[in-house]
Amino acid sequence: MTFVVTDNCVKCKYTDCVAVCPVDAFFEGPNFLAIDPAICIDCALCVPECPAEAIVQDTELTEAQEPYLAINAELSQQWPNITEVIAPPEDADSWNGVPDKLPLLER
């Protein structure tokens with residue numbers, strides 16, 4: 001099992017979650033974070049840290065969130081590892097809660 005970063009992270013990219021990850025499973029892209037499912041130990045420490053509530057256990061994904069399992073696996077292999085909190089984008093709060101952001105994901 002693994003946790004998955006989902007749609008609400010797109011353009012929000014809060015990084016509070018990375019600081020609590022004991023195995024450094026987060027990877028940073030231009031406007032999204034991804035979790036490497038091979039590294040994630042299913043500890044759930046990141047879930048309450050995400051202000052956007054964008055992290056979901058793979059067994060709890062909705063149908064709309066299911067594509068994010070493969071997206072996290074793919075992008076975590078391409079992007080650099082992130083282990084420290086950085087400032088979110090200036091407009092992150094305005095994107096928090098906006099639905100259907102997959103087309104806005106920058107790879």
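Leaving aside neighbours within four places in sequence, Asp 58 is in contact with Met 1, Thr 2, Val 4 and Leu 69, where contact means heavy atoms within 4.5 Å. The structure is a predicted model, in which local features need pLDDT of at least 70 and side-chain atom pairs count only at pLDDT 80 or more, while totals for chains, interfaces and linings use all residues. Residues are numbered from 1 along each chain as its sequence is written, and side-chain values use heavy atoms, with hydrogens and water left out.

Asp 58 sits in the loop between β4 and α1. Such element names come from DSSP runs, numbered from the N terminus: helices are H or I runs of at least four residues, and strands are E runs of at least two. With a relative accessibility of 23%, Asp 58 counts as partly exposed; the scale used here calls a residue buried under 20% relative accessible area, exposed over 50%, and partly exposed in between, with a 1.4 Å probe and protein chains only. Between the C-alpha atoms of Asp 58 and Val 10 there are 18 Å, and the two residues are 48 places apart along the chain.

Val 10 belongs to the loop between β1 and β2. Its relative accessible area is 0%, so Val 10 is buried. Setting aside neighbours within four places in sequence, Val 10 is in contact with Asn 31, Phe 32, Tyr 68, Trp 95, Lys 101, Leu 104 and Leu 105. The C-alpha atom of Val 10 is 9.8 Å from that of Ala 52, a residue 42 positions away along the chain.

The loop between β1 (3–5) and β2 (26–28) also holds Lys 13. Is Lys 13 buried or exposed? Lys 13 counts as buried, because its relative accessibility is 8%. Its side chain makes a polar contact of 2.8 Å with the side chain of Glu 28. A polar contact is a pair of N or O atoms within 3.5 Å; within protein, one must be able to donate a hydrogen and the other to accept it, and residues adjacent in sequence count only if both atoms are side-chain atoms. The side chain of Lys 13 also reaches the backbone oxygen of Gly 29, at 3.0 Å. Although Lys 13 is not a glycine, its phi is positive, at about 45°.

Glu 53, likewise a residue other than glycine, has a positive phi near 50°. This residue is found in the loop between β3 (33–35) and β4 (55–57). Glu 53 is exposed, because its relative accessible area is 70%.

Attention now turns to the interior. In soluble globular proteins, nonpolar side chains tend to be buried together. Here the largest nonpolar core has 32 residues, and Phe 26, Phe 32, Ile 35 and Ile 55 touch the most other members. The elements giving two or more residues to this core are β1, β2, β3, β4 and α1 (67–75). A nonpolar core is a set of buried Ala, Val, Leu, Ile, Met, Phe, Trp, Tyr and Cys residues joined through side-chain atoms within 4.5 Å. Not counting residues up to four places away in sequence, Ile 35 touches several residues, including Phe 3, Val 5, Phe 26, Cys 40 and Ile 55.

Grid points are joined across faces, edges and corners, and a volume is the space filled by probe spheres set on the points. Two cavities of 30 Å³ or more are found in the whole structure. The largest cavity has a volume of about 80 Å³, and of its 15 lining residues, Cys 21, Phe 26, Cys 40, Cys 43 and Cys 46 lie nearest its centre. The second largest cavity holds about 40 Å³ of space, and Lys 13 is one of its lining residues.

Conventions
On a 1 Å grid over the protein atoms alone, a cavity is a set of points where a 1.4 Å probe fits but cannot get out, and a pocket is an open set with protein on both sides within 12 Å along at least five of seven lines; lining residues have an atom within 4 Å of a point.
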